[in-house]
Amino acid sequence: MAESVFTYDAASWCVTQEMRDAFDTNGYILVRNAFSPEEMRKVRAFVEGNDVIQERAYSRDDGKNRRSRVTLWNHPGRDVLGVLARTQRVAGTMEQLMGGQEVYHYHSKLIMKDARTGGRHVWHQDYGYWYKNGCLYPDMGSVFIPIDDCTKENGCLQVLKASHRLGRIDHVRIGEQLGAEPERVEKAKEQLEHLHLEMSAGDALFFHSNLLHTSDQNASDLRRWVFIVAFNRRSNNPYKEHHHPRYTPLTKVPDSALLDCDEGSDSNGQWFIKLDDDISIRERVH
């Protein structure tokens, strides 16, 4: 099976056929050192000092009396995280992994698993939700960028390697979350490799919308904050209006823009999502 771990080199980075093959075969690629310590210090300072992000956060019970906080917005905006999402290193790489066809920003979110309180996220596929939003094809993917180190102790991401090839699995309510049908997940675990993807701050995971993934509660003394950007192909423009955007042209920026951009906060036009806005979960009752 193709290797899915690569290391970023600013001087030579490009999406190779080996990377495309790994993404198609395994459902993800993990890029070590995708962002420098200086870049991550800037990102970390921005999210820690941004009152809007904290004020807009919501949470769902994980079925085991723990909660993680989430802030989600639909348009990238012009602040530090908006620039990060639009860099060639993020948007351009995902576009190439998804076949080279134009992609647009579907949404971004900050997931905050705080020390000793952060809840689990049950096994799920992102397309298990997005299917309900009028996206006909699973031509979608996400980029998972740790702001803090992610370890087994603080609830790192876990995946079933190559599970995107199972196709979309029915999702059912688990606590206040929507998760993949547990019986089918257990059967998949008997055949597919279950990986704990421990990552350092500044690594980046690019993964397919049908890849089964989960994360445990954070029972450690260390928080686990991550930034996630979701993309959709222009050709997969949702056929109905919903709580995420239909096709909106994405203006990519050079990788250097992350360090060059203003550190101020500009949330105009970002279209933040409230808990009750998410109809893909709210309307699904089992």
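Strand β12 (residues 204-208) is mostly covered, with five of its five residues buried; buried here means under 20% relative accessible area, exposed over 50% and partly exposed in between, with a 1.4 Å probe and protein chains only. The model is a predicted one, in which local features need pLDDT of at least 70, side-chain atom pairs count only at pLDDT 80 or more, and totals for chains, interfaces and linings use all residues. Residues are numbered from 1 along each chain as its sequence is written, and side-chain values use heavy atoms, with hydrogens and water left out. Strands (E, at least two residues) and helices (H or I, at least four) are DSSP runs numbered from the N terminus.

In a regular strand the side chains alternate between the two faces of the sheet. In β12, A204, F206 and H208 point one way and L205 and F207 the other, and all are buried. Strand β2 (residues 28-32) runs antiparallel to β12 and is joined to it by four bridges, with L30 opposite L205. Strand β7 (residues 140-146) also pairs with β12 in the antiparallel sense over four bridges, and here G141 stands opposite H208.

These strands belong to an open sheet of eight with mixed pairing, in the order β1-β2-β12-β7-β14-β5-β4-β3, where pairing requires at least two DSSP bridges between two strands. Its edge strands, β1 (5-7) and β3 (58-61), each pair on one side only. From one strand to the next the twist averages 25°; axes are lines fitted to C-alpha atoms, for helices over the stretch in contact, and angles run from 0 to 180 degrees between N-to-C directions.

Helix α1 (residues 17-26) lies across β1, β2 and β12, at about 130° to β2. Helix α5 (residues 88-97) lies across β2, β5 (103-113), β7, β12 and β14 (224-233), at about 35° to β12.

Turning to the aromatic rings, the whole structure holds seven aromatic pairs, defined for Phe, Tyr and Trp (its six-membered ring) by centres within 6.5 Å, with planes under 30 degrees apart stacked, over 60 edge-to-face and the rest tilted. Y8 and W13 form a tilted pair, 5.4 Å centre to centre with 50° between the planes, and both residues are buried. The centres of Y104 and Y106 are 6.4 Å apart and their planes at 80°, so this pair is edge-to-face. Y104, Y106, W130 and Y247 form one aromatic cluster.

How values were computed:
Contact = heavy atoms within 4.5 Å.
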